Amino acid sequence: MGKIMITSVKAATLVETIVALVIILVLFGIATTVIIQTTEKGSSVKILKAKAILDDYVSVTHNQDELFDQEVPLDDFFLKRQVSDYKENIRLKRICYYIYDSNKKLIETRNEIFLFE
């Protein structure tokens with residue numbers, strides 16, 4: 001008849017298991033840092049784009065003869081302009097600009113005093 005062979009199974013020691021766990025945790029930490037930096041760069045590009053759109057809109061506003069409150073959707077952003085008299089002076093106007101992202105989150109605010117002649 002056949003012989004029964006008994007073989008021993010090699011198992012990892014506690015030290016080897018802990019070393020493997022530490023290596024996995026270090027790699028996970030590095031991956032998390034890379035993901036966070038990538039998402040921050042994406043949001044900073046979005047903020048720069050919003051500021052550029054706001055700059056263009058403000059320059060167009062300076063060339064207008066009449067100013068009034070306005071809400072305008074631009075690309076992935078929403079721009080809001082509020083116009084009011086400054087310190088009860090009819091010739092001075094306070095203009096507040098607000099730019100929001102597509103989720104209605106405020107990105108930047110800009111205030112100006114404008115003299116009408």
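In this predicted model, the charged end of lysine 104 sits over the ring of phenylalanine 78, 4.1 Å from its centre. Lysine 104 belongs to the turn of a hairpin formed by β3 and β4. Five residues separate the two strands, and lysine 104 has a positive phi of about 65°. Arginine 81 lies over the face of phenylalanine 68, at 5.4 Å from the ring centre.

Phenylalanine 78 has a relative accessible area of 19%; the limit for a buried residue is under 20%, so phenylalanine 78 counts as buried.

Aromatic pairs number two. In one, the ring centres of tyrosine 57 and tyrosine 97 are 6.2 Å apart. Their planes meet at 85°, so this pair is edge-to-face. Tyrosine 57 belongs to helix α1 and tyrosine 97 to strand β3, so the pair ties together parts 40 residues apart in sequence. Both tyrosine 57 and tyrosine 97 are buried. The other pair joins phenylalanine 78 and tyrosine 100. Its geometry is tilted, with 6.4 Å from centre to centre and 45° between the planes. Phenylalanine 78 lies in strand β2 and tyrosine 100 in strand β3. This pair, too, links distant parts of the chain, 22 residues apart.

The strands form an open sheet of four, in the order β1-β2-β3-β4. Pairing is antiparallel. The edges are taken by β1 (70–74) and β4 (106–115). Each has a single partner strand, so one side of each is left without a neighbour in the sheet. On average, neighbouring strands are turned by 20° against each other, direction ignored. Helix α1 packs on this sheet and touches β1, β2, β3 and β4. The direction of α1 makes about 20° with that of β4.

Strands β2 and β3 pair in the antiparallel sense over nine bridges. Here leucine 79 has isoleucine 99 of β3 as its bridge partner. Strands β3 and β4 are also antiparallel, again over nine bridges. Across this second pairing, tyrosine 97 stands opposite arginine 110 in β4.

The largest nonpolar core holds 15 residues. Leu54, Leu67, Ile95, Tyr97 and Ile99 touch the most other members. Two or more residues each come from α1 (14–62), β2 (77–86) and β3 (89–100). Helix α1 gives the most, with five residues.

Beyond four places in sequence, isoleucine 95 touches Thr61, Leu67, Arg81, Gln82, Val83, Arg110, Asn111, Glu112 and Phe114. Arg81 is the residue that lies over the face of phenylalanine 68.

Aspartate 85 lies in strand β2. Its relative accessibility is 39%, and it counts as partly exposed. Leaving out residues up to four places away in sequence, aspartate 85 touches Ile90, Leu92 and Lys93. Alanine 12 is 73 residues from aspartate 85 along the chain. The C-alpha atoms of these two residues are separated by 78 Å.

Key. Residues numbered from 1 in each chain as written. Predicted model: local features only at pLDDT ≥ 70, side-chain atom pairs only at ≥ 80, totals over all residues. Heavy atoms only, no water. Core = buried A, V, L, I, M, F, W, Y, C linked by side-chain atoms within 4.5 Å. Buried < 20%, exposed > 50% of the residue type's maximum accessible area, 1.4 Å probe, protein only. Contact = heavy atoms within 4.5 Å. Pairing = 2+ DSSP bridges. Axes fitted to C-alpha atoms, helices over the stretch in contact; angles between N-to-C directions. Phe/Tyr/Trp six-rings, centres within 6.5 Å; stacked < 30°, edge-to-face > 60°. Lys NZ or Arg CZ within 6 Å of the ring centre and 35° of its normal.
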